[in-house]
Amino acid sequence: MDKVISENYEDDGEVCEKIIISSRQQSQIYNQTFQYENQVPLRSIKSCSPEYSDQFDWENEKCKVSFFECMRLDKRKTTSVFRQTQESVSYSLKGEMNTLIYYKLFDDDCKYIVKEIAENLIELNCNIYFEQRQFDEITELTHTNRLFVFNQESIPQIALIIVVGGDGTVLYALRQFQGFEPPPILAFQKGTLGFMCVFDLKDKYNILSQQIGHFRTAGQFIVERKLRLKGSLKQAGQQKFEYHVLNEFVISRGANPHCLYIEIYINNVLLTVASGDGIIVSTPTGSTAYFLSAGGPIIQNEVSSISIAPICPLSLSFRPIVLPTCLQITIKLANQCRANGFICADGQATIEFSKDMIFEIQQSENYVSIIQDKSDIDYNEWIINLRKKLGWNKVFTEQKKQKSNL
């Protein structure tokens with residue numbers, strides 16, 4: 001007789017339901033497909049990968065399955081509360097929430113927008129933290145006892161990060177959250193090009209009210225998890241530098257006039273010696289940034305990968321390569337290099353790289369959670385957004401119109 005076994009288990013701080021549908025006749029499963037009387041709701045198997053042939057009834061949200069194991073868990077996109085979030089959230093008896101705000105530097109308009117956001121957050125019974133410089137700017141515009149200066153001691157108290165700017169402002173905010181997973185980020189678009197900034201400032205109060213209210217009632221945010229890379233620079237066995245990037249590591253010659261000769265190892269096996277201005281090691285998130293300008297492919301966030309692209313290579317034989325995240329990348333400068341290089345992490349930190357150093361890159365255990373307005377992945381929306389932001393064929397179209405008017 002067929003049976004359905006349901007059990008709960010914990011994964012990365014999340015309690016998930018695991019459903020195993022099995023049969024006493026499993027030994028015959030390769031020879032024939034079984035039809036079961038048990039029907040499992042589709043929502044329970046949304047994230048699973050069936051091992052054998054399945055029959056889905058999408059209209060009734062039911063399915064009949066042969067044999068598989070499924071989990072209600074997707075590590076890259078989920079509505080669950082993550083471990084770091086649970087540790088960071090701190091409620092008082094009144095339900096206060098501690099928020100941290102970053103906004104675009106050298107943008108006077110942002111100051112007045114953030115002033116309005118701060119007033120909205122106070123109405124929603126939230127405390128607001130700023131870095132010292134931005135704290136001084138906002139306190140000149142508004143006076144309240146709910147504004148605080150952010151420092152390292154404040155990190156465990158922060159439940160939500162609010163960003164007003166572009167992707168660069170998100171990267172700037174992540175400088176303070178190295179070595180552990182930051183709280184979820186609610187990003188408003190106010191930059192030149194922001195793929196991570198989902199929300200529009202025109203409806204900021206309703207968005208804040210909806211997201212914070214949903215968290216207080218359901219204890220969760222709807223987020224998209226983006227992987228980071230961890231880079232460790234070592235010299236004589238001692239660690240000199242470590243950084244967790246959301247976009248990319250850039251190994252370049254900097255202001256040196258001589259090109260670099262970079263040895264690239266994959267799991268300690270030599271891949272190539274890249275000669276040129278340098279290389280970029282990127283995440284899927286960073287594939288639409290500098291990596292794209294260097295000729296690398298655009299990679300959708302659900303494709304868990306690490307990519308390498310050369311910068312102005314002297315040889316056209318080395319092309320961009322996409323690797324699985326389980327591999328470790330080791331970077332060294334070859335002996336024929338006549339100058340040191342530089343390592344730049346997300347455009348936020350730079351350190352000199354010499355021939356007696358080893359730079360190791362691997363997937364970070366700490367993701368970045370970007371709050372979304374939908375719980376399901378909309379690939380059509382991603383394609384439309386990509387086309388609009390990159391303006392594909394826009395220049396050629398405008399040139400064609402101009403010629404036709406002559």
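The model is predicted, and local features are given only where pLDDT is at least 70, side-chain atom pairs count only at pLDDT 80 or more, and totals for chains, interfaces and linings use all residues. Residues are numbered from 1 along each chain as its sequence is written, and side-chain values use heavy atoms, with hydrogens and water left out.

**Overall architecture**

The protein chain has eight helices and 25 strands, these being DSSP runs numbered from the N terminus (helices H or I, at least four residues; strands E, at least two). Of its 406 residues, 46% count as buried, where buried means under 20% relative accessible area, exposed over 50% and partly exposed in between, with a 1.4 Å probe and protein chains only. Among contacts (heavy atoms within 4.5 Å) between residues at least 6 apart in sequence, 66% join residues at least 24 apart.

**The largest pocket**

The largest pocket holds about 740 Å³ of space. A pocket is here an open set of points on a 1 Å grid over the protein atoms alone, where a 1.4 Å probe fits, with protein on both sides within 12 Å along at least five of seven lines, and lining residues have an atom within 4 Å of a point. The volume is the space filled by probe spheres set on the points, which are joined across faces, edges and corners. Of the 34 lining residues, Phe195, Val198, Glu224, Gln372 and Glu381 lie nearest the centre of the pocket. Helix H5 (204-218), strand E13 (223-226) and helix H7 (379-390) each supply at least two residues of this lining, which by class has 12 nonpolar, 11 polar and 11 charged residues. In this scheme Ala, Val, Leu, Ile, Met, Phe, Trp, Tyr, Cys and Pro count as nonpolar, Asp, Glu, Lys and Arg as charged, and the others, Gly among them, as polar.

H7 is followed by Gly391, whose phi is positive, near 60°.

**Individual residues**

| Residue | Relative accessible area | Class |
|---|---|---|
| Ser364 | 3% | buried |
| Asp346 | 5% | buried |
| Leu171 | 7% | buried |
| Ile321 | 23% | partly exposed |
| Ala236 | 74% | exposed |

Ser364 lies in the loop between strand E24 (357-363) and strand E25 (368-371), and its side chain is joined to that of His244 by a polar contact of 2.8 Å. Such a contact is a pair of N or O atoms within 3.5 Å; within protein, one must be able to donate a hydrogen and the other to accept it, and residues adjacent in sequence count only if both atoms are side-chain atoms.

Leu171, in helix H4 (residues 167-173), touches Leu246, Asn247, Asp346 and Gln348, not counting residues up to four places away in sequence. Asp346 itself is placed in the loop between strand E22 (341-345) and strand E23 (349-353), and its phi is near 55°, a positive value in a residue other than glycine. Ala236 likewise has a positive phi near 55°, and lies in the loop between strand E14 (229-235) and strand E15 (238-245). Most residues other than glycine have a negative phi.
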